[in-house]
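Have a look at the model first, then read on.

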Amino acid sequence: MMGPTLKNLEQLVRVPYGCCEQNAASTAPNIFVRQYLEATKTLTFELKEKTNRHMMTGYQRQLNYKNEDGSYSSWGGRNGRGSLWLTAFAMKLYALSSYYITIDSREVELSTEWI
């Protein structure tokens with residue numbers, strides 16, 4: 001039963017896109033698939049490189065939605081009002097991604113202080 005699901009797990013590895021929420025939500029599967037493949041010792045070099053690229057893309061795109069005070073909002077600094085859940089979600093993704101890509105600790109500190 002799980003065979004087809006696991007075989008197609010690779011389809012969850014996609015380039016992040018969209019607004020703040022969409023970008024975060026489309027970055028997350030790259031992290032979770034990577035964790036699973038490492039845990040099951042089935043990670044290929046190609047998927048390792050692909051998930052790294054997608055996590056970095058998601059991270060860089062997510063920074064576009066960061067406000068000056070360290071919070072995150074749907075449209076970034078344009079509306080000026082930070083969202084607690086978006087900021088917390090971004091910090092969780094950064095924490096998980098930091099095992100695979102470089103995350104700027106100053107960005108995390110500012111956002112954590114805002115929370």
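Is K66 buried or exposed? K66 counts as buried, because its relative accessibility is 13% and the cut-off for buried is under 20%. Keep in mind that this is a predicted model.

## Salt bridges

So what does K66 do with its charge? K66 forms a salt bridge with E107, and the closest N and O atoms sit 2.3 Å apart. E107 belongs to helix 5 while K66 is in the loop between helix 3 and helix 4, so this pair ties together parts that are 41 residues apart in sequence. E107, at 22% relative accessibility, counts as partly exposed. As a general point, side chains of opposite charge can pair when their charged atoms come close.

The count comes to three salt bridges. One of them joins E38 to R34, with 3.1 Å between the closest N and O atoms. These two are four residues apart in helix 2, which means about one helical turn separates them. R34 is buried, with a relative accessible area of 3%, whereas E38 is partly exposed at 35%. Another salt bridge pairs R106 with D104, whose closest N and O atoms are 3.0 Å apart. Here R106 is exposed, with a relative accessible area of 60%, and D104 is partly exposed at 22%.

## Helix 4 against helix 5

How do helix 4 and helix 5 cross? The crossing is left-handed. The axes of helix 4 (residues 84-97) and helix 5 (residues 105-114) come within 10 Å, and the crossing angle is roughly 145°.

On the helix 4 side, the residues in this contact are L84, T87, M91 and Y94; they meet V108, S111, T112 and W114 of helix 5. Sorted by class, the contact of these two helices has five nonpolar residues, three polar ones and no charged ones.

## Nonpolar cores

The largest nonpolar core holds 17 residues, and Y72, Y94 and I101 are those with the most contacts inside it. Helix 2 (20-39), helix 3 (45-62) and helix 4 are the elements that give two or more residues to this core. Of these, helix 4 gives the most, with six residues. In general terms, nonpolar side chains tend to be buried together in soluble globular proteins.

## Around C19

Where is C19 found? C19 is in the loop between helix 1 (2-7) and helix 2. C19 is buried, because its relative accessible area is 13% and buried means under 20%.

Which residues does C19 touch, not counting those up to four places away in sequence? They are Y65, S74 and W75. Take S74: C19 and S74 are 55 residues apart in sequence, yet their C-alpha atoms are 6.2 Å apart in space.

Note on methods:
Residues are numbered from 1 along each chain as its sequence is written. This is a predicted model: local features need pLDDT of at least 70, side-chain atom pairs count only at pLDDT 80 or more; totals for chains, interfaces and linings use all residues. Side-chain values use heavy atoms; hydrogens and water are left out. Axes are lines fitted to C-alpha atoms, for helices over the stretch in contact, and angles run from 0 to 180 degrees between N-to-C directions. A crossing is left-handed if the near helix is turned anticlockwise from the far one by less than a right angle, and right-handed if clockwise. Contact means heavy atoms within 4.5 Å. Ala, Val, Leu, Ile, Met, Phe, Trp, Tyr, Cys and Pro count as nonpolar, Asp, Glu, Lys and Arg as charged, and the others, Gly among them, as polar. A nonpolar core is a set of buried Ala, Val, Leu, Ile, Met, Phe, Trp, Tyr and Cys residues joined through side-chain atoms within 4.5 Å. Buried means under 20% relative accessible area, exposed over 50%, partly exposed in between (1.4 Å probe, protein chains only). A salt bridge is a side-chain nitrogen of Lys or Arg within 4 Å of a carboxyl oxygen of Asp or Glu.
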